[in-house]
Amino acid sequence: MKEAGSTWVQDLLAPIAPWLDEDGDDDDDASASGTGRQVYDPQELADGKFATVAGLQLHYKLVEPANVDAVDVDAPVVVMLHGFNASLFSWRANAQEVADRTGLRVVLMDRPPFGLSDRPTAWGDGRDLEFDPYEPAGGARLALMLVREALGFESNKLVLVGHSAGSLTALLMHELAPDAVAAMIFVAPALPTTPENSFQRRATFGQQLRIVLGRAIMANDEAGVRYIRRMITKQRKDLLENGLDYQPHPLTSSQYDSQSIDGITEDWSAAEEAALQEAVDGYLRPLKTEGWEMGALLNLRSFWLPSSYDYGRIGRDVPIQIVAGERDPLTLGAKTLHEILTLQEQSVCEYVEFEDTGHVVMEVKPVEFNDAVSTFVRRHVV
């Protein structure tokens, strides 16, 4: 969402004083999707499968290498974990390539409340779901349960690849099952480093005030849902009118593969346009399902990011790769994380930075990203 002037004040007040909503983005008469559009069953929109985990239907993909018959059943499994407001769709240009180049199976999943997985509104009290799935540790537990129990990889070592907030999921999965993790790859990581670099220390007074007021609004279900609906509807409108704030590589489009890309010359701009349109459609798809507003609200109530973390909990024999984009605001934290891990004498701590790239490195430079990740896994895991 692009903001100007005091727009954020109106955004905060509109949920509790809807007559101030001059844009008309928030519509109480809209459908369950909050946009007045048709609501779909996740099964109709899915390009993966669903597994029952703790009573929830989790949307996932199991991507196998081309030569799947040569894969050892006990071989490590790569688990790719998307970031905030994303889904397994984020890895569309990476999963198959990494599987083929490493010879390993790759698991992707939609972590609630994102993508097409269930968005529960209650847990505990004798339910199959005993814990809050929106807390970072809860999301990590769900991911482990999917991979190790539902998909049957209980004895396989895991290579955890986390993008942005998905890096925190990877870190907490390691904390829950350290012996199961063969390696970790943090991509544009949204991870704590030192208290001095924490958001709490760096945030301006205005940012801190907005967080406080936003949390106060989200404490109420009705006002909170209006707040979420307004934010997401505005972001949706911005996406449809202006596109993404980055250009996905044509390889992220289903119309192209590495061979067809090599033959593109004069039509490169058309290929980029196709990739951009598929990206917009893919990221908006979950908004066509029931209950995304409440899921987003519950997630924001539960999510937290610690100001620091004891990286000494990671075994020094666990290889780690950090992948960053030169223009990503989080790259400073990625470099600090590399310094911390290097000082604690991590056996392998590799830092890779791509030039002229922002936060979504695996979509902007999939060729280079796939090469870096696959090379790292082949060298230190396979």
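This is a predicted model: local features need pLDDT of at least 70, side-chain atom pairs count only at pLDDT 80 or more; totals for chains, interfaces and linings use all residues.
**View 1. Strand E4 and its two faces.** In a regular strand the side chains alternate between the two faces of the sheet. On one side of E4 sit Arg-105, Val-107 and Met-109. On the other sit Val-106 and Leu-108. Both faces are covered, and these residues are all buried. Helices (H or I, at least four residues) and strands (E, at least two) are DSSP runs, numbered from the N terminus.

**View 2. Strand partners of E4.** Two strands pair if DSSP finds at least two bridges between them. E2 (residues 56-63) and E4 pair in the antiparallel sense over 4 bridges. Here Leu-62 has Val-107 as its bridge partner. Strand E3 (residues 77-81) pairs with E4 in the parallel sense, over 5 bridges. Val-79 stands opposite Val-107. E3, helix H3 (residues 95-102) and E4 make a right-handed β-α-β unit. Right-handed means that, with the strands pointing away from the viewer, the path from the first strand over the helix to the second runs clockwise.

**View 3. The E1-E2 hairpin.** Strand E1 (residues 49-53) pairs with E2 in the antiparallel sense over 5 bridges. Ala-51 has Leu-58 as its bridge partner. The hairpin has 2 residues between the strands, and Ala-54 takes a positive phi near 55 degrees.

**View 4. Helix H4.** H4 (residues 136-150) has 15 residues. At 1.5 Å times one less than the number of residues, the helix should span 21 Å, and its end C-alpha atoms are 20 Å apart, which agrees. Its buried residues include Pro-136, Gly-138, Leu-142, Met-145 and Val-147. Gly-152 follows H4, with a positive phi near 80 degrees.

**View 5. Nonpolar cores.** A nonpolar core is a set of buried Ala, Val, Leu, Ile, Met, Phe, Trp, Tyr and Cys residues joined through side-chain atoms within 4.5 Å. The largest has 54 residues, of which Met-80, Val-106, Ile-185 and Phe-369 touch the most other members. Helix H8 (residues 221-242) gives the largest share of this core, 7 residues. Apart from it lies another core of 46 residues, among them Leu-58, Met-145, Ala-170 and Tyr-311.

**View 6. Salt bridges.** A salt bridge is a side-chain nitrogen of Lys or Arg within 4 Å of a carboxyl oxygen of Asp or Glu. The whole structure holds 11. Asp-47 and Lys-61 form one, with the closest N and O atoms 3.2 Å apart. Asp-47 lies in the loop between helix H2 (42-45) and E1, and Lys-61 in E2, 14 residues apart. Glu-363 bridges to Arg-92, the closest N and O atoms being 2.8 Å apart. Glu-363 lies in helix H13 (residues 361-364) and Arg-92 in the loop between E3 and H3, so the pair ties together parts 271 residues apart in sequence. Glu-363 is buried, at 1% relative accessible area. Arg-92 is partly exposed, at 24%.

Methods
Residues are numbered from 1 along each chain as its sequence is written. Side-chain values use heavy atoms; hydrogens and water are left out. Buried means under 20% relative accessible area, exposed over 50%, partly exposed in between (1.4 Å probe, protein chains only).
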